[in-house]
Amino acid sequence: MQSITSRVHRLASLDSEYRSPVPPLPRSVKIELTARCDFQCAFCASHTRPRTKSDMPWERYARLARELRKLGVEQLGVFYLGESFVCDWLAEAIRYAKRECGYPYVFLTTNGRLATAARVRECMLAGLDSLKFAVNAYEPEELAAVAGVDPEEFHVIVRNVQDARRVRDEIERESGHRCALYASSLLIDDLQKDRMAPALAEIVPYVDEHYWLPLYGHKPLPCWPLFKEGHITWDGRLSACCLDHAACFDMGNLDATPFLDAWHSPAFRALRQAHLRQDVRGTPCENCIEYA
């Protein structure tokens with residue numbers, strides 16, 4: 001089983017083929033089943049921005065999933081900015097992507113609070129290939145302060161991670177299907193690893209791999225998701241940004257425009273050209289914390 005860090009590194013590597021205003025079709029696309037989230041995390045702009053939040057209609061999801069697979073997309077993320085376990089038909093979306101569309105790899109990231117053993121079992125039996133828990137709180141009180149939920153939910157998340165491992169192993173023994181289990185944490189500052197150590201001691205033994213992600217920080221242009229990963233919002237827009245909480249990176253309405261046309265739209269080409277010039281002044285990326 002390929003490690004998730006190797007998979008992410010390969011996805012984020014911008015080789016010469018993709019360093020173009022009109023790059024090839026992305027291998028990976030994320031579809032937002034719902035924009036709703038049960039957390040209100042202080043480090044996430046989801047609850048502070050004016051974007052309308054609702055669920056993607058099934059008909060839109062099914063049409064887009066079919067279209068993307070026919071084009072050649074190989075990896076489908078059934079999440080984007082919202083928390084997909086809020087969506088009642090998450091398992092059905094996974095099953096449709098795997099069995100009806102034939103995606104080789106369907107993946108999901110969750111904050112873990114609603115990822116109960118029963119829900120996780122449904123998703124894994126539907127064919128989910130990878131489940132990642134975003135674990136960013138080191139104690140109950142901190143979770144309450146950061147995410148705006150009851151402190152006891154901290155223990156619920158830990159238990160859900162542990163239960164997911166038990167469920168995964170049971171399904172693997174029964175059917176041979178193995179869903180990879182991962183966890184990630186935001187490296188908020190230099191002390192975060194020490195603060196998180198006790199919490200991660202309860203989680204890391206139950207996942208295949210844990211890795212650290214930077215919160216935000218200066219990084220060189222161009223920004224790789226513009227060139228190698230698609231992001232589709234619940235209302236059918238192709239977004240250029242992996243963190244488009246303000247809905248200002250609209251590259252095309254996929255209810256009216258084929259995905260590949262939107263992927264190569266004039267607006268998207270112009271934004272990529274700015275990134276390739278390493279000058280994003282006058283673009284929606286100008287005030288991004290990553291480059292400011």
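Tutor: Let's start with Glu 152, which sits in the loop between α5 and α6 (153-175). In this predicted model, Glu 152 forms a negative surface patch with Glu 139, Glu 141 and Asp 150.

Student: What makes this patch negative?

Tutor: Asp and Glu count as negative, and the patch is formed by Glu 139, Glu 141, Asp 150 and Glu 152; therefore the patch is called negative.

Student: Glu 142 is in helix α5 (residues 140-147). Why is Glu 142 said to have no salt bridge?

Tutor: A salt bridge needs a side-chain nitrogen of Lys or Arg within 4 Å of a carboxyl oxygen. For Glu 142, the nearest side chain of opposite charge is Arg 195, 6.3 Å away, so no salt bridge is assigned to Glu 142, although Glu 142 is buried. Leaving aside neighbours within four places in sequence, Glu 142 is in contact with Asn 136 and Ala 137.

Student: Why is Glu 209 called buried?

Tutor: Buried means under 20% relative accessible area. Glu 209 has 16%, so Glu 209 is buried. Glu 209 belongs to strand β6 (residues 209-214), and beyond four places in sequence, the residues it touches include Ile 4 and Tyr 182.

Student: And why does Asp 279 count as partly exposed?

Tutor: Asp 279 has 24% relative accessibility, so Asp 279 counts as partly exposed. Asp 279 is found in the segment after α10 (266-277). One of the residues Asp 279 touches is Leu 221, 58 residues apart in sequence and 8.2 Å apart in space, C-alpha to C-alpha.

Note on methods: Residues are numbered from 1 along each chain as its sequence is written. This is a predicted model: local features need pLDDT of at least 70, side-chain atom pairs count only at pLDDT 80 or more; totals for chains, interfaces and linings use all residues. Side-chain values use heavy atoms; hydrogens and water are left out. Helices (H or I, at least four residues) and strands (E, at least two) are DSSP runs, numbered from the N terminus. Buried means under 20% relative accessible area, exposed over 50%, partly exposed in between (1.4 Å probe, protein chains only). Contact means heavy atoms within 4.5 Å. Patches are made of residues with over 30% relative accessible area and no salt bridge: like charges are joined within 9 Å, nonpolar side chains (Val, Leu, Ile, Met, Phe, Trp, Tyr) within 5 Å. Accessible areas come from the Shrake-Rupley method with a 1.4 Å probe; for residues, only the protein chains shown count as cover. The place of a charge is taken as NZ of Lys, CZ of Arg, CG of Asp or CD of Glu.
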